[in-house]
Amino acid sequence: MKKTLIVVGYGNMAKAILTNNSFVGEYYHLIIAGRCAHKAYDFITQCALDACVYEARVESSSGKNVIDIEGKDILLCTKPAGLESFVFQGKANGIYSVLAGASIAMIQKHLSASFMVRLMPNIAANSKLSATAFYYHISDTKDSAQILYNEIRPFIESFGTAVQVDNEALIESSIATSGSCIAFLALIAESLIDAGILEGLNEQQSIALVKQTFVGFAAELAHKSPSELKYAISSPGGTTIRGLAVLEESGVRGTLIKAAHTATEHARKAIQKYSTQDNLVPKKC
Ligand SMILES: NC(=O)c1ccc[n+]([C@@H]2O[C@H](COP(=O)([O-])OP(=O)(O)OC[C@H]3O[C@@H](n4cnc5c(N)ncnc54)[C@H](OP(=O)(O)O)[C@@H]3O)[C@@H](O)[C@H]2O)c1
């Protein structure tokens, strides 16, 4: 029998995880929840999902949407402040949260579940190729290995690769290696396209060549280290090593490390901010 997955939020990350996700389609009865039902309907249409919209009851005292999570799996895909927009009733089976900046302790203030998973996917979930770090916490005395291998891993692996970390703080660290770094790589791709144009290629030629270079690079990186790749094409006194020397001289390596650190620190600060801020005011739809 299919289990129920309630996805809270209908933004880019929810779309990346759910679109063309055959595992979710096969194992879950899918429900989309959010503060605006019409946005949830549009989302289902845009992503061509076999899903329905959670028609939430509004709690008269708070004006918040009430979501019944009893026995269900929940995927939290809003911004962290979104936790304040809902009243979650009951105890879920599992909570999966992609919220950068919301710790398990913070999530537990709003929802209870047999197990909680924090995950940091990246937008390559669209192509079912996300690199996703995850950390899980089991509240009940249930069989941890069984939940990990029968529930958590299959779900996360349905949109890419799952890398388990044993310390929750490392979820924020993975913003450096995967969460944000697709944007950094996109900047590098853009720069190389510009470089091709500067050297006389037209825009289409330059884009086509850079795109395929990234595809080839990913395939090579699957079985070689970055150093092996670098030295394989750097002949002594040759062309490539001259370009690499310029990159090193201008501190590209240090700049990338600093950029990743700045992004990571921002998420760490958000955790501190949200954990000390009890009354976030959700914006109106
Ligand atoms: N994009 C990435 O590459 C990436 C990677 C890792 C983790 N994440 C995390 O994924 C989460 C979603 O990111 P996204 O890229 O999908 O963002 P997005 O496209 O901007 O979507 C944000 C979603 O959150 C909802 N939301 C925002 N504020 C809310 C509030 N106060 N109350 C209720 N719902 C609220 C929005 O619904 P409304 O339209 O109704 O406001 C929308 O469904 C974030 O927590 C982010 O940290 C994203």
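**Close-up views of a predicted model**

**View 1. Asn20 in its loop.** Asn20 sits in the loop that links helix H1 (12-18) to helix H2 (22-27); helices (H or I, at least four residues) and strands (E, at least two) are DSSP runs, numbered from the N terminus. Asn20 isn't a glycine, yet its phi is positive, at about 55°. Most residues other than glycine have a negative phi.

This is a predicted model, where local features need pLDDT of at least 70, side-chain atom pairs count only at pLDDT 80 or more, and totals for chains, interfaces and linings use all residues. Residues are numbered from 1 along each chain as its sequence is written, and side-chain values use heavy atoms, with hydrogens and water left out.

**View 2. Lys128 between two strands.** Here's another positive phi in a residue other than glycine: Lys128 has a value near 60°. Look for Lys128 in the loop between strand E9 (112-120) and strand E10 (130-138).

**View 3. Strand E6 and its partners.** In E6 (residues 73-76), Asp73 and Leu75 point one way while Ile74 and Leu76 point the other, and all are buried. E6 runs parallel to strand E1 (residues 3-8), joined by 4 bridges, and Leu5 stands opposite Asp73. Strand E8 (residues 91-97) is also parallel to E6, with 4 bridges between them, and there Asp73 stands opposite Gly94. Strands pair if DSSP finds at least two bridges between them.

**View 4. The two domains.** The domain assignment, automatic or from a database, gives domain 1 (3-173) and domain 2 (181-250). Their centres, taken over C-alpha atoms, are 36 Å apart.

Note on methods
Buried < 20%, exposed > 50% of the residue type's maximum accessible area, 1.4 Å probe, protein only.
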